[in-house]
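Reader: I've got a new model open and I'd like to learn how to read it. Can you walk me through it, feature by feature?

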Amino acid sequence: MDGTGRRRGAALEDAILRAAADEMREAGYAGMTMDKVARRAGTNKNAIYRRWPNRAALGVAAYRQLARAQMTVPDTGTLRADALELLAKANATWSSPQGAVLRDLLAAAGDDPQLLGLLREQAGDTTMDNAWLTLLGRAVARGEAPPEAVHPRVASLPMTMLRGEYAVRGLPSVPGAVLTEIVDEVFLPLVRGRGATGPGR
């Protein structure tokens, strides 16, 4: 805050993003307006537009901050347990208030080309992919995985498969047995196989 008690910089940005996330939780993306966000954040629309040029950019930024704030990376001591815990957290998130915000953004994107473009740009979920890369890096340090396993394609695979399950089932949750299959039958074999070398690899 400055000498007048007004928030500036990161503090103001955090307040605006929290307000936008709260608006989307309560009224959905369609009900979120710059006026409502400004009132809730205790600022004015000009302060918002200086940072985000439109409602779509603000909505996506608010969701990303929400996702980062709730992201914790498991550290159980084994790659399998870490992977199962992280995938279970992601699965629970999709049916949580945070997941409802994302589902609403995705639904609204069908009628909002600007929002659709921003969501496509963010399709590689950097926060989640970094969490998986962290798991893989720890596994390498423990000798559980070859260094070649620390790769963006490997890191993105569990979440790609989880999203595929959502699409097939049409439900915001996947049974635990399926999560175990993703880890045991696909992810871990891929991780272990990354260290193999041979013709054509």
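Predicted model: local features only at pLDDT ≥ 70, side-chain atom pairs only at ≥ 80, totals over all residues.

Reader: What does Asp82 touch, leaving out residues up to four places away in sequence?

Author: A contact here means heavy atoms within 4.5 Å. On that basis, Asp82 touches Pro74, Asp75, Thr76 and Gly77, and also Leu135 and Arg142.

Reader: Let me try a few others. Which class does Gln98 fall into?

Author: Gln98 is buried because its relative accessible area is 6%, under the 20% cut-off. Gln98 sits in helix α6, residues 97–109. Take Ala67: 31 residues separate Gln98 and Ala67 along the chain, yet their C-alpha atoms are 7.3 Å apart.

Reader: And what about Thr126 and Arg8, how accessible are they?

Author: Thr126 has a relative accessible area of 38%, between the two cut-offs, so Thr126 is partly exposed. Thr126 belongs to helix α8, residues 126–142. Now look at Arg8 and Glu165: they are 157 residues apart along the chain, and their C-alpha atoms are separated by 43 Å.

Reader: Let's zoom out. How many helices and strands does the protein chain have?

Author: Ten helices and zero strands. Along the sequence, the pattern reads α-α-α-α-α-α-α-α-α-α. The C-alpha atoms fill a box of roughly 60 × 40 × 30 Å along the principal axes.

Reader: How much of the chain is buried, and what forms the largest nonpolar core?

Author: Of the 201 residues, 40% count as buried. The largest nonpolar core has 59 residues, and Leu58, Trp132 and Phe187 touch the most other members. Take Phe187: setting aside neighbours within four places in sequence, its contacts are Leu79, Ala83, Trp132, Leu136, Val154, Leu157, Pro158 and Ile182. For the whole chain, counting contacts between residues at least 6 apart in sequence, 66% join residues at least 24 apart.

Reader: What about the surface and the charges?

Author: The accessible surface comes to about 10500 Å², with 53% of that belonging to carbon and sulfur atoms. There are 26 positive and 22 negative side chains, and the centres of the two sets lie 5 Å apart.

Reader: Where does UniProt place its features?

Author: An unreviewed UniProt entry puts "domain: HTH tetR-type" at residues 10–70. In this model, that span is 82% helix and 0% strand, with its end C-alpha atoms 18 Å apart. The feature "DNA-binding region", from an unreviewed entry as well, is placed at residues 33–52. Those residues are 65% helix and 0% strand, and the end C-alpha atoms lie 13 Å apart.

Methods: Residues numbered from 1 in each chain as written. Heavy atoms only, no water. UniProt positions renumbered as here; feature names shortened; annotations may be inferred. Helix = DSSP H or I, 4+ residues; strand = E, 2+ residues; numbered from the N terminus. Buried < 20%, exposed > 50% of the residue type's maximum accessible area, 1.4 Å probe, protein only. Areas by Shrake-Rupley, 256 points an atom, 1.4 Å probe, with all protein chains shown as cover. Lys, Arg positive; Asp, Glu negative; His and termini not counted. Charge placed at Lys NZ, Arg CZ, Asp CG, Glu CD. Core = buried A, V, L, I, M, F, W, Y, C linked by side-chain atoms within 4.5 Å.
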